[in-house]
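Hi,

Here's the structure I said I'd pass along.

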Amino acid sequence: MKRPYRAPPGRPSQTPSGAVVINGYSARWLNQDFCWVYPAEVVSRPPNLKPGQEVKLVDEQGKALGVGLWDEGWISVRRYRNDEGPVDAALIYARLDLAYALRQTIVETNTSAYRLVNAENDELPGLRVDLWGHYATITLDAPGVAPLIDWVCAWLDEHLSPRGVYLHWRPDPREKARFEPPIPAGLIRGHAPPGDVRVTERGLTCLVRPSLGKDVGLYTDMRANRALLEPYWGGRRVLNLFAHTGFFSVAAAANGASEVVSIDLSESALERAEANFVANELDPSAHLFFAEDVRAALDRLRRAGERFDLVILDPPAFSHGPEGVMSAGKDYPRLVAACLRVMEPGGWLVAALNQGEVSPRDFHNAVRDGARRAERPLQHLYDGGQAPDHPAAAHFPEGRYLKFGIWRCMDA
Ligand SMILES: C[S@@+](CC[C@H](N)C(=O)[O-])C[C@H]1O[C@@H](n2cnc3c(N)ncnc32)[C@H](O)[C@@H]1O
């Protein structure tokens with residue numbers, strides 16, 4: 001039987017075996033339920049630790065601060081529990097049970113694609129699990145989280161019997177260059193689907209490819225925002241910018257939009273968007289799809305005198321296009337202004353930004369600056385955010401990454 005670790009009173013004379021000693025700054029954060037320890041916060045550590053090895057955390061006075069898994073990236077330890085028990089199957093199963101119970105409460109019955117585990121926000125640091133109908137994807141942030149894979153697969157088998165499970169890695173951009181996955185990404189259980197997988201969101205169909213990692217084809221975190229818009233599409237001419245596989249466009253068309261114009265740089269994304277229209281028995285030829293840089297498209301549409309009742313602006317954080325590099329954080333006011341120049345009087349701007357480091361206040365300011373540039377005063381109608389199957393732990397501000405709002409032009 002494992003003997004619980006007891007820290008000696010006062011400062012330990014040496015590093016307790018198996019324990020990582022952390023500085024006071026890190027200890028203060030861990031005491032407030034934060035769960036990462038950064039390399040600069042490690043005072044001492046046992047030799048020869050390997051990524052994924054279980055370690056105890058103690059402060060410099062020897063006080064136990066929980067148990068986590070060691071890593072060698074921009075995070076040194078992810079803490080899984082703040083008592084002294086092990087990181088084992090029982091713990092991971094219990095956390096998965098809790099995560100699943102939440103989803104059973106909050107995910108609509110006519111929805112088969114959702115996030116089952118949202119990492120730190122479900123007390124499973126570094127681990128995301130998404131369900132795509134009968135398939136699942138496990139996405140890990142770092143090699144140190146790899147010991148969880150078998151437990152997660154066993155839990156999935158027991159509770160959901162997926163036909164296939166894919167593994168994806170999602171290294172932090174700061175360590176992407178030297179990232180070496182200990183297990184290759186790809187199908188790790190069951191079999192691959194024969195083609196696109198049909199999943200549902202609030203009764204609408206989306207065709208997804210779980211083998212493609214972040215290009216699966218549906219951003220389930222936007223589900224609550226699409227739900228918020230459902231009563232408002234009817235009779236409106238909609239412009240969907242950075243449309244990707246067109247699920248906002250499908251939602252608009254299915255809920256009575258008079259015409260939906262979808263713009264994306266990627267032709268293959270737009271082909272998938274058209275296939276999503278067909279999958280929902282919507283005629284794609286009644287709508288328009290342009291493979292074009294959004295900045296060029298907005299200019300072209302403005303010059304042609306095209307106007308829209310509702311414009312969706314959901315850019316990626318960074319992109320390279322024919323019009324050069326685009327950084328959403330920096331270019332947002334310019335993009336908002338360009339949207340407002342193709343907006344009917346009284347039109348609605350639906351704006352989103354998927355960037356944790358931009359605060360809600362800065363996001364609102366960027367929209368306001370765009371409105372000033374275009375000289376189209378706006379009134380704010382709604383704030384949205386990520387759907388509740390992407391919860392954000394209150395003590396983990398990084399978890400609230402998705403900014404979303406709806407504004408109306410005040411000129412009608
Ligand atoms: C994060 S996705 C947008 C998500 C989408 N709104 C949705 O809810 O599914 C980013 C998309 O922007 C497209 N994209 C990136 N840069 C672009 C640009 N400069 N002009 C047009 N599309 C661009 C990419 O091809 C990709 O499909």
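The centres of domain 2 and domain 3 sit 28 Å apart, going by C-alpha atoms. This is a predicted model, by the way. At that contact, domain 2 puts in 14 residues and domain 3 puts in 10 residues. Together they bury about 990 Å², with carbon and sulfur atoms giving 56% of that area. For the bounds, the domain assignment has domain 2 at 89-197 and domain 3 at 219-409, plus domain 1 at 19-81.

Next, some helix packing. Helix 7 (residues 294-303) and helix 8 (residues 328-340) have axes that come within 9 Å and cross at roughly 30°. Since angles under 35 degrees count as roughly parallel, helix 7 is roughly parallel to helix 8. Their crossing is left-handed. Helix 7 brings Val294, Arg295 and Leu298 to the contact, while helix 8 brings Arg334, Leu335, Ala338 and Cys339. By class that's 5 nonpolar, 2 charged and no polar residues.

Helix 8 also packs on helix 9 (residues 360-374), with the axes 7 Å apart and an angle of about 50°. That pair is therefore oblique, and the crossing is right-handed. On the helix 8 side you'll find Tyr332, Pro333, Arg334, Val336, Ala337 and Leu340.

Cheers

Technical notes: Residues are numbered from 1 along each chain as its sequence is written. This is a predicted model: local features need pLDDT of at least 70, side-chain atom pairs count only at pLDDT 80 or more; totals for chains, interfaces and linings use all residues. Side-chain values use heavy atoms; hydrogens and water are left out. Axes are lines fitted to C-alpha atoms, for helices over the stretch in contact, and angles run from 0 to 180 degrees between N-to-C directions. Helices (H or I, at least four residues) and strands (E, at least two) are DSSP runs, numbered from the N terminus. Angles under 35 degrees count as roughly parallel, over 145 as roughly antiparallel, 65 to 115 as roughly perpendicular and the rest as oblique. A crossing is left-handed if the near helix is turned anticlockwise from the far one by less than a right angle, and right-handed if clockwise. Contact means heavy atoms within 4.5 Å. Ala, Val, Leu, Ile, Met, Phe, Trp, Tyr, Cys and Pro count as nonpolar, Asp, Glu, Lys and Arg as charged, and the others, Gly among them, as polar. Domain bounds come from an automatic or database domain assignment. Buried area is the accessible area (1.4 Å probe) that two parts lose on being put together, summed over both.
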